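Q: Could you walk me through this structure, one piece at a time? I would like to begin with a helix and then turn to the aromatic rings.

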Amino acid sequence: MIHQVTRGFVEVADRVFLARYPQWDVGVGLVLGRDGAVVVDTRASDVQGGQVLDDVRRLARDVEVRHVVNTHVHFDHTFGNVAFDAATVHAHHNVALGLRAHAERIRAAVREDPSAAPEYGYTEADLLQVLVTPVRGPDRTFGSNATIDLGDRVVTMAYAGRGHTDGDVAVLVPDAGALFLGDLVEESDHPSFGDDSWPLDWADTLTAHLVAAGEPTVVVPGHGRPVDAAFVERQRDEVAAVAAVLRERRLAGIPLEEALHEPDTRLPYPAAHLEAAVRRVWAQLAPPPP
Ligand SMILES: [Zn+2]
């Protein structure tokens, strides 16, 4: 999918910005405060992280990026960390635990197939950068909640359970009503169920974030345009439907191969999109007794 994106940061709430980039259609957040700025996610390489920093400076010449938050472990959100020398990188404990192994898996996959994918906006040069970028993990990790004080406003980070990965955090700017949900929500594609996802937990995690955020005025997904709380509720219900149907079929004793190749018509997304979700649920739930 190719998406028309405006270059640079666009304000989505009071002094809260989103920049969208073509490679993997990833979104990067920016929160400005009196004592510096917070960047939410850093794209897929040192070069791409450096471009984010350039875009920050184009918007606000003298601002210092003092903090980076990684919404989760995936390379398109973390590999740009290394470009932010002056910043403290914040993330969930599980991002620190899982980043090196994730990086190895991604690099192995890139080595196996180093060809461009125009539908996802990346070139062979982008993939080469993924291979050579030094991995920089978080400096400060947390298990449930953490706060960044920008002097005249705070930014809060919260973990509410597993979903897209085991370390997804929400980033909230309470005074602006802006909520970043990383890849717990996607606007430009269906939510991504990978082989590190937790399909059975995901919907409850989203509900917890929505409740904790009160009534967010804008929600920024990991990929795509900003949305509202009603969009998140609809996608949460779709993810809940995926979990309910897969759980039911697993507990009915349906073999994995059948679940993969004869998908249930109640599922809200195409079968090809849910292959990893099926495998995850079959692995996570015990089969029924004989
Ligand atoms: Zn992701």
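Q: What covers the buried residues of α8?

A: The cover includes α5, α6 and α7, where contact means heavy atoms within 4.5 Å. Helices here are DSSP runs (H or I, at least four residues) and strands likewise (E, at least two), numbered from the N terminus. Please keep in mind that this is a predicted model, in which local features need pLDDT of at least 70, side-chain atom pairs count only at pLDDT 80 or more, and totals for chains, interfaces and linings use all residues. Residues are numbered from 1 along each chain as its sequence is written, and side-chain values use heavy atoms, with hydrogens and water left out.

Q: Ok, and which residues of α8 are buried?

A: They are Ala276, Ala277, Val278, Arg280, Val281 and Trp282, and buried means under 20% relative accessible area, as against exposed at over 50% and partly exposed in between (1.4 Å probe, protein chains only).

Q: At what angle do α6 and α8 pack?

A: Helix α6 (residues 229-251) and helix α8 (residues 275-284) pack at about 50°, and their axes are 10 Å apart. Axes are lines fitted to C-alpha atoms, for helices over the stretch in contact, and angles run from 0 to 180 degrees between N-to-C directions. The two helices are therefore oblique to each other, since under 35 degrees counts as roughly parallel, over 145 as roughly antiparallel, 65 to 115 as roughly perpendicular and the rest as oblique.

Q: Which residues meet there?

A: From α6 come Leu246, Arg247, Arg249 and Arg250, which meet Ala277, Val278, Val281 and Trp282 of α8.

Q: New topic: how many aromatic pairs does the structure hold?

A: There are five aromatic pairs; rings of Phe, Tyr and Trp (its six-membered ring) pair if their centres lie within 6.5 Å, and planes under 30 degrees apart count as stacked, over 60 as edge-to-face and the rest as tilted. One of the pairs is formed by tryptophan 24 and phenylalanine 75, which are edge-to-face, at 5.0 Å centre to centre and 90° between the planes.

Q: Where in the chain do those two sit?

A: Tryptophan 24 is in the loop between β2 (16-20) and β3 (27-33), whereas phenylalanine 75 is in helix α2 (residues 75-78), so the pair links distant parts of the chain, 51 residues apart.

Q: Are they buried or exposed?

A: Tryptophan 24 is buried, with a relative accessible area of 14%, and phenylalanine 75 is buried as well, at 11%.

Q: Which residues form the aromatic cluster?

A: Trp24, Phe75, Phe79 and Tyr122 form one aromatic cluster.
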